[in-house]
Amino acid sequence: MTKRERIKQSLLAHVPRGTINQFLSRDTTPISVLLLSCVVGVLAGLVGTLFELGVHFVTETRTEWLRDEIGSVLPLWLSAFLISALLAFIGYFLVHKFAPEAAGSGIPEIEGAMDNMRPVRWWRVLPVKFFGGLGALGSGMVLGREGPTVQMGGNLARMVTDIFRVKNDDSRHTLLASGAAGGLAAAFNAPLAGIMFVVEEMRPHFRYSLISIKAVLISAVTATLVFRYINGQSAVISIPQYGSPELNVLWLFLVLGALFGVFGVAFNKLVTVFQDLFVRIHKNDLKRFLFTGSIIGGCFGLLLLYVPELTGGGIGIIPDITNGSFSASVLVLLFIGRVLTTLICFGSGAPGGIFAPMLALGTSFGYAFGLTAKALFPELPIEPGVFAIAGMGALFSATVRAPITGILLVIEMTNNYHLILPLIITALGATVIAQAMGGQPIYSQLLHRTIKNEKLRQEDLPRKEN
């Protein structure tokens, strides 16, 4: 043995085995949590971006099948119905059969897990949410990808803590919140909104500390970097860039916010009404559940052919609205129609989110409000597109009850940083009115409903066994 080999062997003898694992398992070591939050952010960004690309792939492939393959064999309307019904069937089947907690948005599940009230079974939820979401969103249903990415981000965080055997409850909680932030940041290319969503919307569940805030920041930033490395740095929504409105127009934004405050309370109540309605229809029976879901998916396949404006998450229609492609009366009809389709899709229990549909609703009503205000007050320098953007943030604020998150989300998604003042005014009006009416934030409402139904189900089990 040479002298160099003896020195190397001596040094290795003084290094404990598994030093890296021991370092990472020391939950009281802040740097270990921050390093793991970076890992979580990378995974959340990668999975979230792949999910978006997958949705686009399924949608485009579906269109090509209709045009080139199936359309030449079957009538076009029948082909559209069958393909969308099959895609929806996949989503509903995976959820009901393997992971019921993957139904709907998934954000309430993460909030419940942060309070240790809901389990995080990542080995089931991750594949079900990913492939089930591809089916549901690819069928043309009015659902967003942000709910799935937030839930998958949280589940990826729990997977990381399990792999590295993180035992400390605060560290596991911090990484779970970091995964949620990374998931939202990756969904909309919006790191600030991802951070603020955890800090503001999840504030009843989030454990504030210097380490937890740093971890959330790191995860959101790394997830965004992954998203931009793959998809580029452009804003998610390509719309005109507007200047700040004149001061004598700002009062109209407060009126718009008040209107959205009233609607937001009603919308949140209707969500639970439709959820209860679908439960009464399928009664949690697998066959009835799949049949109902497949019919809904098939109907949206027909809508994709004849009224495509009423289908999809809604991000694609926002540029058309802000470019003035619709009149005020058509936008009101579009708003009403998309309210109904959003409630049907989200209330049915399909694996998909509600962020994007709400943004489209806010845009359509906001632009219609701007056109109406311009006709009523021709002396004012009114730009209807500004009201469309403000409407996006207002509806989000009224329903989710997170105005700062809504403001940041809209600014980052549209790259309209000059509109921060009208956005604040509109979001403030929506939030104040919604609170005054006693409305509950939608995700807290959904979480309470889930916990209540779970307790009732557990109480019914002994009765059925007897």
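In this predicted model, F355 is in contact with I107, E146, L184, F188, F197, F396, V400, L409 and Y443, leaving aside its neighbours within four places in sequence. F355 lies in helix α15. UniProt, in an unreviewed entry, places the feature "binding site" at S105, I354, F355 and Y443. These residues are spread over 339 residues of sequence, yet they cluster in space, with a largest C-alpha distance of 11.3 Å.

**Annotated positions**

**Surroundings of I354**

- I354 is found in the loop between α14, which covers residues 328-347, and α15.
- With neighbours within four places in sequence left aside, the contacts of I354 are G144, E146, F267, V271, T342, F346, I442 and Y443.
- Among these contacts of I354 are E146 and Y443, and E146 and Y443 are also among the contacts of F355.

**Helix α15**

- Helix α15 consists of 22 residues, covering positions 355-376.
- From the first C-alpha to the last, α15 reaches 31 Å, which is close to the 32 Å expected at 1.5 Å a residue.
- Because 16 of its 22 residues are buried, α15 is largely enclosed by the rest of the structure.

Conventions
Residues numbered from 1 in each chain as written. Predicted model: local features only at pLDDT ≥ 70, side-chain atom pairs only at ≥ 80, totals over all residues. Heavy atoms only, no water. Helix = DSSP H or I, 4+ residues; strand = E, 2+ residues; numbered from the N terminus. Expected span 1.5 Å × (residues − 1). Buried < 20%, exposed > 50% of the residue type's maximum accessible area, 1.4 Å probe, protein only. UniProt positions renumbered as here; feature names shortened; annotations may be inferred. Contact = heavy atoms within 4.5 Å.
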